[in-house]
Structures are given as C-alpha cells and as structure tokens.
Amino acid sequence: MTNNLYNVVSLQSFTVFPEYFITLSIIYILIVITLITYNSNGLMLQKAVSECMSLILFMTCYLILNDDFTSASYFVDILSFSNAVIYDSLASFTRFWLCFFSGVYFLFVADSLKEQKLTSFEYLIIILFAVLGLLIMCSSNDLLLTYLAIELSSLAFYVLASFKKTSSYSVESGIKYFITGAVSSAFFLLGSSFIYGFTGSINFFDFYRMYNASIYDYIMVQWFPGIGYLPGFFFESWLFSFSFRSSYARLLEVYDLTFDDLLSGYTIEYFNFVEIGLTLILFSLFIKLAAAPFHLWSLDVYEGSPTSSTIFFAVITKLSILVVLIRLCHMAFFEIKEWWDFYFLSIGVFSIFVGSFGGLKQRKLKTLLAYSSTSHMGYILIAMGSDTFTGVQMALVYMIIYMISSLCVWSILLFLRLKRKNITTKYNKELGDLALLRKSNISLSLALSLTMFSIAGIPPLVGFLAKLGVFLPLIINSYYLPALASIVFSVVSTFYYIRLIKVLYFENILVGKLYYPINSEKTIILSILIFALIFLFCNPTLLYLACYKISLALFVDPVTYSSLPINYLFNK
Amino acid sequence: MNSNTLFIIFSSLLVLCALMVIVSKHPVFSLLFLVGCFIFSSFLLFLLECEFLALLFIVIYVGAIAVLFLFAIMMLDTKSINLSKNVLKYIPAGFIFFIFFLTPVLTLVSDHFNTNFLANSFYFNKYQNWYDMVDSVSDVEVYGHVLYSYFVLHFLIAGFTLLLVLIGVVYLTNNFNKSQILEQSISKQLSRNSSFFFEKFDDK
C-alpha cells in the first residue's frame with residue numbers, strides 16, 4: 001500500500017462522514033463562540049447554542065440516511081482505514097438513532113440550562129465530544145479504536161458530571177465517576193493486551209476468521225453480479241490483517257493441546273488467555289453499562305450530577321456499549337459462546353434482581369430511575385446471552401424502546417421547575433414533589449403515567465412487547481430458570497413504577513408544589529415520543545424488521561474499501 | 001561478561017527501588033525511589049532496542065508524572081506515621097500470601113519463557129543478527145511509518161481527546177472570584193530598590 005496523498009485523503013472517508021461533520025462543527029463552534037464571548041461579560045448563549053447543536057445532529061441523521069450505502073449496508077460491510085472502521089447495518093442503524101436521540105436531547109435541555117446554572121458553552125461542546133466518541137464506538141472494528149472512543153466519551157462524561165463547581169454533590173460524583181471509569185478502562189486495556197498477546201491481532205474480523213478461516217478468504221466475493229472475480233492485484237490490499245497460514249497457526253496456539261518444543265521438549269498446556277482477556281473486557285463494559293454488581297457508582301453519580309448530565313448518561317451512552325458488546329461477542333468471539341454467555345446470563349439476572357429490589361425503598365427520583373436503568377440493562381444482557389439472531393434483535397429493540405421511554409421520563413423530570421425565589425440548597429426531585437400534578441398539569445401527569453406503564457411492561461404500551469421479546473430467546477434456548485426469575489423480579493419492580501402513578505393521581509393532600517408551565521416546543525416533542533410508545537405497540541414492524549436484518553447481517557463477508565472498483569479511477 | 005549482566009543489574013535495582021517505594025517513611029523518599037524505578041525501566045527498554053520509547057519514558061514519566069506527584073505531596077500535609085513497629089505482627093500472614101500468590105504466577109511465567117541454551121553457554125561470544133546490519137529501520141521510523149498511515153484515525157482521535165481534556169481542565173479550574181486567588185503585582189515588583197533588602201547599619 002503506497003503512502004501518497006490519495007491514500008491519506010481519500011474517498012474511504014465516506015464511511016466516517018458523520019464523524020467528520022461533527023468534528024468540523026465542534027471546531028467551528030469552539031472558535032466562533034470564543035471569538036464572540038471572549039471580551040463580553042455575562043453573555044449567555046446556551047439556549048441558542050444548544051438548539052444549534054440539535055440542528056447539527058439532525059443534519060447528521062440526514063447525512064446518515066442519505067449515504068449511498070445505508071440501504072446497501074444490509075448486504076455489504078465496508079471496512080476502511082486499514083480495517084479499523086466498519087460500515088455495516090449495525091453501524092448505520094445505531095449511528096442514526098444515536099444522533100437522533102442526541103438531537104432530541106439538545107432540544108429538551110436548551111431551556112433548562114439557565115435554571116440549572118450551566119450557562120457556559122463548554123458544557124454543550126463537551127457533550128458534542130461525547131457524541132463523537134459514541135459514534136466512533138458504534139462503527140469500530142478494532143480493539144484500539146474502541147478503547148480510544150471509550151476514553152474520549154468517558155473523559156467528556158467525567159467533566160459533565162462535575163460541571164457544577166459550586167455544588168459539592170456534583171464534584172463528588174465527578175470524582176467517583178472518574179475513578180470508576182479509569183479502573184474499567186484499565187480492565188479493558190488489560191483484556192485487550194491479553195487478547196493481542198495470544199492472537200496477534202486487534203481486529204474483530206480477524207478474531208472471527210481465527211476460528212472460522214476458510215478458503216473463501218482468498219477468493220474475492222463477487223461484488224457486482226455478472227462481473228466475475230476481480231483481477232489478481234487486489235490481493236495486496238488489506239483484506240485481512242494476517243494471512244490464512246498464520247491464522248491457522250494462531251488457531252493451534254489458542255486451542256493449543258500439546259506442543260513439543262524442539263529444544264527443551266516440554267508441553268504447553270492450554271491456557272485460555274483469550275477467554276480471560278475477553279472476560280476482562282466484558283467486565284469493563286459491564287461497569288460502564290452500570291450492570292450489577294458494578295452498578296454502585298451509577299447511583300451516586302446519577303444523583304449528584306446536574307440533571308441534564310444525568311439524562312445524557314442514562315439514556316444515550318448505553319447504545320454504543322451495547323454495539324461494542326454485540327461486535328465482540330456475537331461477531332468476533334462467537335465460537336466461544338459457551339464461555340461468555342454464562343457471564344451475560346448471570347450478570348443479567350443479578351442486575352434485574354438488584355434493580356428490582358433496590359428501587360423498592362427509594363424515594364429520590366433520580367436514584368429510583370438509576371435502579372430501573374440497571375434492571376433494564378439486565379434484560380438486555382439476558383437477551384444477548386441466550387440466542388444469536390433473536391437475542392441480538394430483541395436486545396436492539398429493547399434498547400431503542402428503553403431510550404424512548406427513558407427520554408420521556410427524564411425530560412419530564414427536567415421540565416418540572418419549581419416556582420421558587422431562592423435556591424440555596426441542593427434540591428433534587430423527590431417522590432412527594434409529584435403529588436397533585438394531576439391538578440396543576442393534567443397532560444404532563446398523563447404522559448408520565450403512560451411512560452411509567454410502558455416501563456413497567458403493561459400492554460397496550462410498547463414496553464410490554466420489549467419485555468416479551470427479551471424472554472423469547474430465553475425460552476427458545478430452554479433457559480427456563482433465568483426466564484422465570486426475571487419475570488418474577490419484573491413483577492416486583494412494577495411496584496415502584498406504579499407507586500409513582502399512585503403519588504400522581506391518588507394522593508390525599510390538599511396543597512402540592514407549584515410548577516411553571518412548559519413551553520410548546522418541548523411539549524410537541526414530548527407528545528410525539530409518548531405517541532410513539534402507543535404507536536409502536538400497534539405497529540412495531542419497522543423496528544423489528546430493521547433489527548432482524550441487522551442480526552442476520554452480522555456475519556456478512558466484509559468488503560475492504562480499497563477493493564471497491566471506484567478506487568481504480570485514481571492512480572494507485 | 002554476558003549480555004544478560006546489564007539486564008540482571010537493572011532489573012534487580014528496579015525491584016529494589018520498587019521495594020523502597022513501599023518501605024520508605026517519608027513520601028518524598030518514596031518519590032525519589034519511584035523516579036529511580038522509572039529510570040531503570042527506561043534503561044531496560046534501551047537494552048531491548050526501543051530507544052524512542054525509553055526516552056519517552058524519561059520525558060513523560062520522570063518529567064511530567066513524577067513532577068505531578070511532587071506537587072501533590074508538597075500541597076498535602078503529611079505526617080510521617082511510624083508504622084515500623086507493627087511490621088513484626090504482619091510477617092507470618094505476609095509470608096503465606098507471598099507463597100500462595102507468587103508461586104503460581106512465577107511457575108506460569110517460567111513455563112512460557114525458555115532461554116536459548118546456545119546463548120547461555122560458556123563458549124558463546126555474542127549473538128549477531130546479520131540481517132539487522134544490512135537492512136534495519138530505527139525505532140522512530142517504524143513509529144512514523146505505522147502511526148501516520150495505518151493508524152491515522154486512532155492518532156487523530158487521540159489528538160481530539162487531548163483537545164477535550166484541555167477544554168475541560170480550563171473550565172474546571174477557572175476561578176473568577178478575585179478574593180480567592182493570589183495574583184502578582186508587577187508594579188510592586190518593579191518598584192523595589194536596594195533599601196528594601198538591607199537594613200541601615202549604624203556604625204556607632
């Protein structure tokens with residue numbers, strides 16, 4: 001591969017166009033706003049900048065939809081940047097939803113930043129950095145790129161959690177998040193160094209081919225029907241990172257039964273370092289997902305951070321980590337499924353247990369929702385750990401529905417602004433603050449109760465279909481005990497969801513708290529989301545179909561960018 | 001002299017420095033031995049023909065991280081607590097932990113590594129890699145070849161992470177409350193004259 005300008009600035013970057021767009025917009029906004037505000041005191045731009053950022057993210061969604069390869073990505077994966085970035089259906093689907101929900105988040109948050117006293121523009125720039133890191137995580141095919149993207153987004157989160165310097169809760173939660181996140185990144189690095197040391201590669205497709213090397217890795221798949229096999233000079237392109245011969249040797253080392261050393265004549269036993277490395281990486285990702293027993297940081301961090309930061313942590317970061325888990329377990333290390341599905345099932349069931357029983361005694365709303373998000377991650381993990389095609393499909397469906405309903409709940413928490421004059425002490429929403437909302441804001445209490453019913457899993461709302469879908473792959477693979485335990489715990493967790501509705505509608509007090517009314521832009525978006533909850537129950541076809549196609553497309557043979565015909569128009 | 005001699009010297013000094021980090025009473029002594037650890041690991045890297053990484057160790061570990069530790073120790077109020085009188089109580093348990101944790105790790109490591117019996121024999125002069133005399137690339141060139149071509153995206157994202165950290169750190173440590181920060185007064189510094197430093201000595 002020659003190193004000239006055509007290889008550095010080349011069309012292969014169309015696979016990362018969304019990331020390029022967001023990068024350039026970050027740099028542009030940083031420079032422009034610094035030039036606007038460096039000399040003037042007290043200029044508050046946060047509402048305008050936040051809405052500008054939601055525009056940027058919706059434009060990124062438009063960019064993803066209008067990529068020529070979005071619809072073709074269900075049949076073809078494209079690897080670019082020397083096999084580090086993969087553009088397949090999972091990447092385009094999750095990137096689209098990530099940008100869409102982030103855009104909706106910016107619209108929700110724009111007004112309330114002034115009330116939370118987070119008027120610096122750096123807050124929004126750091127959130128955009130986090131979105132960039134999550135985007136790269138969704139489309140990475142490399143252990144190193146995943147680690148860099150995790151670090152980029154995690155560093156943004158540490159700053160976001162501790163952004164309110166005047167509040168000691170916020171600073172403390174930032175420190176807790178930093179220490180937990182640094183330890184989990186250390187686990188990730190240790191696991192990936194084990195895997196690299198014992199396989200020789202950091203590419204996910206190489207791990208897949210290590211267990212499944214075939215003669216078709218030498219022969220190019222027909223790219224256009226009717227053209228036939230492409231000429232031979234594409235063999236020098238980086239179709240895979242190590243050759244077939246060495247992959248067979250790696251296979252021998254990894255499954256090494258006996259190996260007689262010529263010089264000293266001893267045998268190497270089978271040390272399953274690849275599986276130990278994978279386990280460490282899985283633990284790191286479970287810490288970041290806040291699955292039990294690694295969930296303790298999320299309770300304090302969600303409670304102490306400013307509410308708009310908490311919304312971002314709880315809603316949007318989980319999707320990318322799920323994508324990394326899918327790529328690692330269901331694509332790269334699928335052959336050793338019997339090793340890692342134990343972890344998924346046990347940690348999933350334990351998460352549901354902890355999330356259900358932990359929220360029973362909570363009165364603080366943010367910690368309550370943190371426990372509930374732990375239990376939701378448990379459902380996703382048990383779906384992932386049971387079956388490949390149905391499991392991945394249901395995990396993605398559940399994640400999207402979780403994001404919609406969580407966005408509804410957290411934004412309603414954000415919208416409720418007390419009519420108070422002096423805010424001198426730390427004030428977080430408590431369970432009793434919602435009393436008599438049915439009198440002051442009828443439709444908001446209806447929205448909150450519908451969302452709570454959906455999260456609890458009660459038909460005719462889509463949360464029921466999501467939970468049903470999670471139990472389906474368990475039953476298919478005859479995992480009856482985890483399914484039974486999860487169903488029982490899910491019934492237990494229904495208590496604290498319904499208790500919220502009881503406080504809204506059936507509280508016997510005469511005087512409640514007074515809230516400001518909510519302006520109409522946010523109401524329109526919230527009502528669209530609530531409508532989606534009901535609509536998706538009646539017609540969930542599009543979501544189910546897209547996720548089904550993704551789960552089938554995980555094993556498509558990839559096409560490297562440099563072997564596409566268009567590349568031969570340039571001098572190579 | 002074996003080519004392993006320097007390796008044995010540096011690695012044993014490294015282990016010794018690491019031990020002294022834990023055993024020292026004052027934190028500044030621990031820091032001194034930590035700097036010694038960094039320098040000896042850098043020497044080990046020199047022996048392994050990674051010059052760039054070795055110099056990078058010195059610049060970054062000693063030049064930045066040890067200085068950071070020093071500032072942190074300077075700002076903290078540490079009293080040297082006399083822990084040495086409790087050491088005898090913990091020796092039996094420590095010995096048991098030593099045996100049960102180190103034995104499997106050491107056997108595992110020594111099973112995977114074996115020495116070349118040809119190079120270790122008494123009559124062996126020096127191992128010469130003839131290929132390296134003809135066609136070899138230095139450490140830095142390899143980094144450049146690989147980092148800017150195959151790992152371009154990783155490099156750019158690392159740069160972006162640094163930009164994010166810069167923005168975050170500048171925001172988090174900015175303090176616009178004038179009463180809480182100490183500033184310098186340039187005019188007072190410039191208007192000092194020699195009578196500021198000396199008392200008038202009356203010779204009486």
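Start at Pro293(A). This is a predicted model, and Pro293(A) sits in the loop between helix H11 (273–289) and helix H12 (296–304) of chain A. Look at the bond that leads into it. The peptide bond from Ala292(A) to Pro293(A) is cis, with omega near 0°.

Now select Ala290(A). It is in the loop between H11 and H12 of chain A. Its phi is positive, about 60°, although Ala290(A) is not a glycine. Is Ala290(A) buried or exposed? Ala290(A) counts as buried because its relative accessibility is 0%, and the cut-off for buried is under 20%.

Go on to Pro460(A). The peptide bond from Pro459(A) to Pro460(A) is also cis, with omega near 0°. Pro460(A) belongs to the loop between helix H18 (442–456) and helix H19 (462–476) of chain A.

**Chain A as a whole**

Select chain A and colour by secondary structure. Chain A has 22 helices and 3 strands. Of its 572 residues, 59% count as buried. Take the contacts in chain A between residues at least 6 apart in sequence: 81% of them join residues at least 24 apart.

Next, select residues 389–415 of chain A, which form helix H16. Does H16(A) lie mostly covered or mostly open? It is mostly covered: 26 of its 27 residues are buried. Then check its length with a distance between the end C-alpha atoms. At 1.5 Å a residue, the 27 residues should span 39 Å, and the end C-alpha atoms are 39 Å apart, so the two agree.

**Salt bridges**

Over all chains, the structure holds 11 salt bridges. Select Glu19(A) and Arg95(A) for one of them; the closest N and O atoms are 3.0 Å apart. This pair links distant parts of the chain. Glu19(A) is in helix H2 (residues 17–37) of chain A, Arg95(A) is in helix H4 (residues 89–109) of chain A, and the two are 76 residues apart. Glu19(A) counts as buried because its relative accessibility is 5%. Arg95(A), at 1% relative accessibility, counts as buried too.

Move to Arg327(A) and Asp88(A). Their side chains meet in a salt bridge, 3.2 Å from N to O. Arg327(A) is in helix H13 (residues 307–332) of chain A, and Asp88(A) is in the loop between strand S2 (85–87) and H4 of chain A. The pair spans 239 residues of sequence. Arg327(A) and Asp88(A) are both buried.

Now select four residues together: Lys47(A), Glu51(A), Asp111(A) and Lys522(A). A network of salt bridges links them.

For a contrast in setting, switch to chain B and pick Glu183(B) and Lys178(B). Their side chains meet in a salt bridge at 3.8 Å, N to O. Glu183(B) and Lys178(B) are exposed.

**Around Asp139(B)**

Stay in chain B and select Asp139(B), in helix H6 (residues 139–147). Asp139(B) is buried, with a relative accessible area of 14%. Which backbone nitrogen does its side chain reach at 3.0 Å? It is that of Phe52(B). The backbone nitrogen of Glu51(B) lies 3.2 Å from a polar atom of the Asp139(B) side chain. Leaving out residues up to four places away in sequence, Asp139(B) touches Glu49(B), Cys50(B), Glu51(B), Phe52(B) and Leu53(B).

Click on Glu49(B) from that list. It is in the loop between helix H2 (27–47) and helix H3 (51–75) of chain B. Phi of Glu49(B) is near 65°, a positive value in a residue other than glycine. Glu49(B) is exposed, with a relative accessible area of 58%.

**Where the chains meet**

Last stop: show both chains. The contact takes 22 residues from chain B and 38 residues from chain A. About 2800 Å² is buried between the chains, and carbon and sulfur atoms give 78% of that area. Select Phe160(B), Leu164(B) and Tyr171(B). They supply 25% of the area that chain B buries against chain A, more than any other three residues.

How many salt bridges are counted between chain B and chain A? The count is 0. Residue pairs in polar contact between the chains number 5. Now highlight helix H4 (87–112) and helix H7 (152–173) of chain B, the elements that give two or more residues to the side touching chain A. H7(B) gives the largest share, 13 residues. By type, the chain B side divides into 14 nonpolar, 7 polar and 1 charged.

Methods: Residues numbered from 1 in each chain as written. Chains lettered and ligands numbered in written order. Predicted model: local features only at pLDDT ≥ 70, side-chain atom pairs only at ≥ 80, totals over all residues. Heavy atoms only, no water. Helix = DSSP H or I, 4+ residues; strand = E, 2+ residues; numbered from the N terminus. Expected span 1.5 Å × (residues − 1). Buried < 20%, exposed > 50% of the residue type's maximum accessible area, 1.4 Å probe, protein only. Polar contact = N/O pair within 3.5 Å; in protein donor to acceptor, adjacent residues only side chain to side chain. Contact = heavy atoms within 4.5 Å. Buried area = accessible area lost by both parts, 1.4 Å probe. Nonpolar A, V, L, I, M, F, W, Y, C, P; charged D, E, K, R; others polar.
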